[in-house]
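User: I'd like to learn how to read salt bridges in a structure. Can you walk me through a case?

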Amino acid sequence: MERRALIAVVISLVILVLYQEVLLRFIYPPPAHQEDVTAPPPNTDAPPAPAREPAPELTAPAAAAAAPGPAIEARHITVDTELYTAVFTSLGARLESFRLKKYRTTVDPSSPPQEIIVPGEGGDYPFGVELRGRQNKPDSGAPYGSSVDGLDLKGDATGTLDFTWESEAGTVVKRFSFRGDRYDFGAAIAARNLSNEYVEISVSWDKGIQTPPPGSEVIFNHLVYLDGRKLIEMTFDKLPGNIVTPSPGSSIGWVGYSGQHFLAAMIPVDDPNYRLWLKTRDHTAESQLLFPLGAAPAEHRLALYIGPKDVDALEGVGHGLARAVNLGWFDFIALPLLHLLKFLDGFTGNYGVAIILLTVGIKVLFIPLTQRSFRSMREMQKLQPQMAKIRERFKDDSEQMNKEIMELYKRHKVNPLGGCLPMVLQIPVFIGLYQALQNSVELRHAPFMLWINDLSAPDRLGSLQLPFVQHSGIPVLTLLMGGSMFVQQWMTPSAGDPAQQRAMMIMPLMFTFMFVNFPSGLALYWLVNNLLTIAQQYYMNRSAT
């Protein structure tokens, strides 16, 4: 195998990864509006009603138990922590705002904190509860009484917020438990004094399906859930509209909405009898957890996570939530590299510098393999004149030609795979690092230097609009990357005919075209890697003369 064949393999793997990203992000984005999916009748998918037993009560303050008057206005209860500001409305006891303090809407430091909540088409917010039976009773607009007017939590301080709704159908209590230094928080839902007509209680998260303006960030672009150990991802137009059936021998661990950098997930705790219903209606995606009434536990507990797709934070929550960070086939390589990148940033305070140091470290690690590959290609290059004579002599007999070439390799003790194998071993590391950089929330709005103020966005200098280039400006870093790749290709020892070598010079143009709309952090990594390779090739060329 010649080195050019290996390069073709490398290009194919990289194109596969980039092609998947292009499809997901640019060619087939989630549509602005989905066709309504007709939900099944309330009772057709309901399990047989379990024997009703008196349900243990969530203790709520006496003042909260009293039903407010029918004309009461909505109260807004704020939970303020070190990481976010959450606002609940008393009408429906739902979450109407959740702003992340450490993440901004845009790269401008003065822009407001990132809002996570996108209400449904009808103004429905997350954590709606519905009593399901012959006639369903949702709590949309229901006047809940609250136990406190708000919470202000710092450090590891904890606090609890209770909501109680008294109605003719019975009493529903929602309890939320928070900690000041964590993105995850707890919820407990309980209903009591219900008639036997209600067989299920559901907890839902409604999210409006929208198409943002071109160039703006899509916070959540698909729905995800964990089926055993398998992560299932769906665009909103692919939601099944009925009960999700887990794989044989497994169960649904959690469900949520996910994007490149953020996740909002509901995780049932210690309650294996729930079911998952995914559907769209009125341009709204809806995920519902359905719990049977009258069966233990009567208090249905959830763990909730709303925040960045930070691997450390997700691993701290448990329940397999870190699977939401999809690092591809080589996640066993990408994950350590991501941790190492964060470690280096702790010393440098600049993720651009951390990327450079990480690239240098990987390059140093592979110096022995690179030198071995270079020596093998040099030996192959010396045999080119003799190989050309053999090809000319046996041009009409390919079998004899291959036999003579192999004899030539044997006489000169040259391994034709010597230049390929060392490079093949590096492919998983390259792809793993690509995935780590592509999916790192740490690079979001992270500045590097000069005009590069967001390593998760394409680099642009100025305001000139170029064809085939998203966002206005000149992609300087990407052009430098393409230029360095051209120099690297030109310096690479040739082991083939001149026509093949000229064809391979198309590689820099192809990579420049692919990288022009990709994050500048990726272009920075590839540029530094090319520069180090050029320096290494220059040194080895000097040593070989």
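Analyst: Start with the total. The model is predicted. The count comes to 22 salt bridges.

User: What decides that a pair counts as a salt bridge?

Analyst: The test is distance: a side-chain nitrogen of Lys or Arg within 4 Å of a carboxyl oxygen of Asp or Glu. Take lysine 154 and aspartate 80, whose closest N and O atoms are 3.6 Å apart. That pair counts because 3.6 Å is within 4 Å.

User: Where do lysine 154 and aspartate 80 sit in the chain?

Analyst: Lysine 154 lies in the loop between β8 (150-152) and β9 (158-167), and aspartate 80 in strand β1 (residues 76-80). They are 74 residues apart, so the pair links distant parts of the chain.

User: Is aspartate 80 buried or exposed?

Analyst: Buried means under 20% relative accessible area. Aspartate 80 has 19%, so it is buried. Lysine 154, at 45%, is partly exposed.

User: Which strands does the bridge between arginine 175 and aspartate 162 link?

Analyst: The two side chains meet at 2.6 Å, N to O. Arginine 175 is in strand β10 (residues 170-179) and aspartate 162 in strand β9, 13 residues apart. Arginine 175 is partly exposed at 23%. Aspartate 162 is buried at 7%.

User: How far apart are the closest N and O atoms of aspartate 181 and arginine 179?

Analyst: They are 2.6 Å apart, in a salt bridge. Aspartate 181 is partly exposed at 30%, and arginine 179 is partly exposed at 33%.

User: Which residues are joined by salt bridges that share partners?

Analyst: One network joins Arg94, Asp124, Asp139, Lys174, Asp206, Lys279, Arg281 and Glu286.

Methods
Residues are numbered from 1 along each chain as its sequence is written. This is a predicted model: local features need pLDDT of at least 70, side-chain atom pairs count only at pLDDT 80 or more; totals for chains, interfaces and linings use all residues. Side-chain values use heavy atoms; hydrogens and water are left out. Helices (H or I, at least four residues) and strands (E, at least two) are DSSP runs, numbered from the N terminus. Buried means under 20% relative accessible area, exposed over 50%, partly exposed in between (1.4 Å probe, protein chains only).
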